[in-house]
Amino acid sequence: MKTVFITGASSGLGRGLALHYAKEGAKVFAAARRRDELEKLARESENIVPIPLDVQDTGALVNAIQAAGDLDMVIANAGVGGPTSARKIDWATVKKIIDVNAGAACVTVAAALPRMVARDQGHVVAVSSLAAFRGMPGNGAYCASKAALHTFMESVRVDLRRTRVKATTIYPGFVKTELTAKNKFRMPFLMELDDAVKVMTRGLARGARTIAFPLPMAAVTRTLGALPSAVYEPLAGRVRMF
Ligand SMILES: NC(=O)c1ccc[n+]([C@@H]2O[C@H](COP(=O)([O-])OP(=O)(O)OC[C@H]3O[C@@H](n4cnc5c(N)ncnc54)[C@H](OP(=O)(O)O)[C@@H]3O)[C@@H](O)[C@H]2O)c1
């Protein structure tokens, strides 16, 4: 791997992925809003290039990806969460979650693809979530954003079938990061960040189409996904997450 562009690299999964690939010797373009965190990260490896930007600034995001040159991998990882229970919903929170997690993530992948397709090589990666498979209580915007990314990446894979460009969707369960530190509810099968980074990078190295982890949580969400709505909705309606 020679060059990687990662959004949301200032903390959590993105930071872990940036350090992993930098240690492997790749040049890593690390994008996020917090310049100070990116500069701290860049002090850990000379292979890391801080790219301070807000992924909601589409022009800045696309320019940064195009200016990075021939990329071997782009990882659309930047994401935000937040309660959006329909009983006390705030449209601005809904918009932000959808814009960052779905809009900007799809733009990240789309901005990298033309050059990869022209070179017939490269790897586009999107970090969705196990929350993509069902409308979970209190999390409509987050689940919808991750479901959109899941479906977008499925089409991307279909379209790339006769090329050598790879596309992977990652579906993490709960991992200890700044995002989950805000959660007040119990998080089943909560994983350490380093373990999550190992699972993701091993899967990416073998060119997996999808990476869903941890396995017990993936099995639970797949099972929930298979339930008829008439069974799922009353069941999920009993849970108050926020
Ligand atoms: N942790 C989990 O349990 C879990 C589970 C499933 C899926 N995921 C997904 O994994 C991804 C990474 O999350 P994480 O858990 O590592 O959370 P995190 O530690 O909060 O990291 C989120 C990253 O996204 C960046 N970001 C947020 N909004 C941005 C914006 N507008 N522009 C640029 N960068 C932005 C943040 O950087 P700045 O604040 O510096 O901009 C940060 O680097 C997300 O897509 C999340 O939905 C996480």
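Q: Is the crossing of H3 and H4 left-handed or right-handed?
A: One thing to keep in mind is that this is a predicted model. A crossing is right-handed if the near helix is turned clockwise from the far one by less than a right angle. Here, H3 and H4 cross in the right-handed sense. Helix H3 covers residues 58-67 and helix H4 residues 91-119; they pack at an angle of about 35°, and their axes are 9 Å apart.

Q: Which residues in H3 and H4 meet?
A: On the H3 side you will find Thr58, Leu61, Val62, Ile65 and Gln66, and on the H4 side Ala104, Val107, Thr108, Ala111 and Ala112. Sorted by class, this contact has seven nonpolar, three polar and no charged residues.

Q: Which residues have the most contacts inside the largest nonpolar core?
A: They are Phe5, Ile6, Ala18, Ala30, Val74 and Ala112, in a core of 68 residues. H4 is the element that gives the most to this core, with ten residues.

Q: Which residues come nearest to the ligand?
A: Of the 30 residues around the ligand, look for Gly8, Gly12, Arg33, Arg34 and Gly79, which come nearest. Helix H1 (12-23), H4 and helix H6 (178-181) are the elements that give two or more residues to this shell. By class, the shell has twelve nonpolar, 13 polar and five charged residues.

Q: Why is arginine 134 called buried?
A: The idea is to count neighbours: a residue is buried if 20 or more other C-beta atoms lie within 10 Å of its own. Arginine 134 is buried because 21 other C-beta atoms lie within 10 Å. You can find arginine 134 in the loop between strand S5 (123-127) and helix H5 (140-159). Leaving out neighbours within four places in sequence, its contacts are Cys143, Thr221, Leu224, Gly225 and Tyr232.

Q: And why is lysine 198 partly exposed?
A: The partly exposed class lies between the buried one and the exposed one, which takes 12 or fewer such atoms. Lysine 198 is partly exposed because 14 other C-beta atoms lie within 10 Å. Lysine 198 lies in helix H7 (residues 193-205).

Conventions:
Residues are numbered from 1 along each chain as its sequence is written. This is a predicted model: local features need pLDDT of at least 70, side-chain atom pairs count only at pLDDT 80 or more; totals for chains, interfaces and linings use all residues. Axes are lines fitted to C-alpha atoms, for helices over the stretch in contact, and angles run from 0 to 180 degrees between N-to-C directions. Helices (H or I, at least four residues) and strands (E, at least two) are DSSP runs, numbered from the N terminus. Two residues are in contact if their C-beta atoms, placed from the backbone, lie within 7 Å. Ala, Val, Leu, Ile, Met, Phe, Trp, Tyr, Cys and Pro count as nonpolar, Asp, Glu, Lys and Arg as charged, and the others, Gly among them, as polar. A residue is near a molecule or strand if its C-beta atom, placed from the backbone, lies within 6 Å of it. A nonpolar core is a set of buried Ala, Val, Leu, Ile, Met, Phe, Trp, Tyr and Cys residues joined through C-beta atoms within 7 Å.
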